[in-house]
Amino acid sequence: MLIGEVARQSGVSARMLRHYESLGLVRPSGRTGSGYREYSREDIQRVFHIESLRSLGLSLREIGRALDDPSFTPSVLVDDLIRQTRERIAAETELLTRLRRIDAADPAGWEDVLQVVALLQALGSKSADARQRAALSSVHEVPVPVEALVEAALSETEPNVAGALRWALAQSGDCGPTLLAEGLGSPVAGVRERAVQALAEMPCGEATAHLRDALANPDVVVRGYAALALGTRGVADAVPTLIDMIVEGRNDTDAADALSVLASDTATADQIATRLVDRLAHNTTEAPARGRLTQALADIPGTRASRALVELSHDVDRAVALTAAYLLQLRDAR
């Protein structure tokens, strides 16, 4: 079969076939009387083998070894190709993400594009100062896409930079709470904590809804941050978690403060006082926890809390009794 026919059947151009021949990959088995290359069935099969291996990403040099070296084992080369392909996909994915973020910023011109690129690069800088400046400037200059801010906030471990990123997210609004809420399910504890902290600083109703959901999170730290934030927003759903925090001694002072904010009306104040008293009466509540629960009654207004303190002033636990008596004196002095 002549080279033109081989090219038509294989889809490999005559020029490429000549290149293969120059490299020694395919040598036509014969020549016609006129000197034209003549390919045998085996030659054509080898062409198809070459094309098959090229489709896997092998170089022509590697293909030559694979076809001609009897000792050649494909496993090592295939493993290497897998690694290279993964690296290439990761690089392409990173590029695609960056392009999408630039597009989301809706740049008006190339100057805007360059500003967005510079801010994205600064957010990924090794310098904490550079990251902090990028977070702060993202609000006033060409807006950085919320997705990029969320990614940076969830990975940031330097406190000042993390604070700047949370502030920037609180200014950004749309999509931020939803993306942050995905971080609450991360297998990494630090990511979950950073996600709930950022949600706690976002004043919108969507963030509040995600914080409500976080009260059921299996991570006790996430539940605590969510309860404290919801308490300051007047969401009574946080009360059980806040009382758990007081019992367990986790940010108990902040939890008690949040309860006092929630006790803004008589009915809610009495409900909170009742819950605190119920926990005080629980057989498994240890002495230090009973002391903290008693102290939490201090800033809960209403007759229910006052009656509870009167009863506790005669408690068998002397520390609890003294604390309750002192708190009653403070209430009487008001």
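## Contact of α14 with α15

In this predicted model, the contact between helices α14 and α15 is formed on one side by V239, L242, I243, M245 and I246 of α14, which meet D252, A255, A256, A258, L259 and L262 of α15. Sorted by class, the residues of this contact comprise 10 nonpolar, no polar and one charged.

Helix α14 spans residues 239-248 and helix α15 spans residues 252-262, and the two pack at an angle of about 145° with their axes 8 Å apart. The crossing of α14 and α15 is left-handed.

## Contact of α5 with α8

Two packed helices are described by the angle between their axes and the distance between the axes. For helix α5 (residues 74-104) and helix α8 (residues 146-155), the angle is about 125° and the axes lie 9 Å apart. That angle makes α5 oblique to α8, since the class of roughly perpendicular ends at 115 degrees and roughly antiparallel applies over 145.

The residues that meet here are T97, R100 and R101 from α5, and E147, A148 and E151 from α8. By class, the contact of α5 with α8 divides into one nonpolar, one polar and four charged residues.

## Buried side of α10

Helix α8 also takes part in the surroundings of helix α10, whose buried residues pack against α8, α9 (159-172), α11 (189-200) and α12 (205-214). Helix α10 itself covers residues 176-183, and within this helix G176, P177, L180, A181 and G183 are buried.

Where around the axis of α10 do these residues lie? They cover an arc of only 140°, and therefore they are on the same side of α10. As a general point, an α-helix has 3.6 residues a turn, so residues three or four places apart point the same way.

When residues up to four places away in sequence are not counted, T294 touches L280, L309, L312, V320, T323, A324 and L327. One of these partners, L327, is 33 residues apart from T294 along the chain, and the C-alpha atoms of T294 and L327 are separated by 8.9 Å.

Technical notes
Residues are numbered from 1 along each chain as its sequence is written. This is a predicted model: local features need pLDDT of at least 70, side-chain atom pairs count only at pLDDT 80 or more; totals for chains, interfaces and linings use all residues. Side-chain values use heavy atoms; hydrogens and water are left out. Axes are lines fitted to C-alpha atoms, for helices over the stretch in contact, and angles run from 0 to 180 degrees between N-to-C directions. Helices (H or I, at least four residues) and strands (E, at least two) are DSSP runs, numbered from the N terminus. Angles under 35 degrees count as roughly parallel, over 145 as roughly antiparallel, 65 to 115 as roughly perpendicular and the rest as oblique. Contact means heavy atoms within 4.5 Å. Ala, Val, Leu, Ile, Met, Phe, Trp, Tyr, Cys and Pro count as nonpolar, Asp, Glu, Lys and Arg as charged, and the others, Gly among them, as polar. A crossing is left-handed if the near helix is turned anticlockwise from the far one by less than a right angle, and right-handed if clockwise. Buried means under 20% relative accessible area, exposed over 50%, partly exposed in between (1.4 Å probe, protein chains only). The arc is that of the directions from the helix axis to the C-beta atoms.
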